[in-house]
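The stops below go from one selection to the next.

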Amino acid sequence: MSHYFENDLNLKSEIKELSYTYDSSFFTFYSDNGVFSKKAIDYGSKLLLETYLKNDSDRRKVLDVGCGYGFIGIVIAVINNSIVDMIDVNKRAVHLTNRNIKKYKNIEAHSFISDAYENIDTKYDVIITNPPIRVGKNKVLEILEGAFDHLNSEGYLYFVIRKDQGALSIKKILESTRKVELMNKDKGYFIFRIKNDKN
Ligand SMILES: C[S@@+](CC[C@H](N)C(=O)[O-])C[C@H]1O[C@@H](n2cnc3c(N)ncnc32)[C@H](O)[C@@H]1O
């Protein structure tokens, strides 16, 4: 069985369209086989996005790490008028995100392939991620701890992790060097924020 984070070029394409409403803004996203949460927008991603939008809507430059079909980054680009980059290792995810970006006029959003931050050479006000837990804890920690090399001073890392996927143990590891704020929790999903105050 192939996983959503693999690049399986033989996987048959079956494009679906998913919808989402934030306040009075209506969104649709193309989804497909071989990407995360292909049949419905993930509850944890929605909780992360909505918690972020309620707390930090003035941030200009945003990076969505592990963007899937672009749900989090595209909504932020539309609602906050932010400049958004969206990265993923999965080629089909990046392809879908680029198709989804084209649905929205006048947004500054780009998507490209990157394994964690390997193709990132700029800094952001916010890095937001629903990280790829199934790839393993080392990669998740590489994404979370690596964020601070790519955040402007006073920038924020926002992320979601489920309790049964190790939210509290990952929080503990990160807390050994930084203050981790619990911004929201619901249905076993924890939303954390960490400020980059060390640059
Ligand atoms: C939990 S999913 C979240 C997807 C999307 N943000 C959403 O909310 O629907 C994690 C994503 O991370 C991607 N991913 C896996 N390994 C990665 C890596 N090394 N670097 C960047 N992205 C990765 C997966 O392909 C997947 O799209």
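Begin by selecting helix α1 (residues 43-55), which lies across β6, β7, β8 and β9 and runs at about 145° to β7. Contact here is taken between residues whose C-beta atoms, placed from the backbone, lie within 7 Å, while angles run from 0 to 180 degrees between the N-to-C directions of axes fitted to C-alpha atoms, for helices over the stretch in contact. Helices (H or I, at least four residues) and strands (E, at least two) are DSSP runs numbered from the N terminus. This is a predicted model, in which local features need pLDDT of at least 70 and side-chain atom pairs count only at pLDDT 80 or more, whereas totals for chains, interfaces and linings use all residues. Residues are numbered from 1 along each chain as its sequence is written.

To inspect the contact, show Ser45, Leu48, Leu49 and Leu53 in α1, which meet Phe71, Ile72, Val75 and Ile79 in α2. These contact residues divide into seven nonpolar, one polar and no charged, where Ala, Val, Leu, Ile, Met, Phe, Trp, Tyr, Cys and Pro count as nonpolar, Asp, Glu, Lys and Arg as charged, and the others, Gly among them, as polar.

Now select the sheet, an open one of seven strands in the order β5-β4-β3-β6-β7-β9-β8, with mixed pairing. The edge strands are β5 (108-113) and β8 (180-186), each of which pairs on one side only; two strands pair if DSSP finds at least two bridges between them. From one strand to the next, the twist averages 15°.

Within the sheet, move to strands β6 (residues 124-129) and β7 (residues 151-162), which pair in the parallel sense over five bridges. Ile128 has Tyr158 in β7 as its bridge partner.

Finish with β8 and β9, which run antiparallel and are joined by six bridges. Lys185 has Phe190 in β9 as its bridge partner. The two strands form a hairpin with two residues between them, and in the turn Lys187 has a positive phi of about 50°.

Methods: Two residues are in contact if their C-beta atoms, placed from the backbone, lie within 7 Å.
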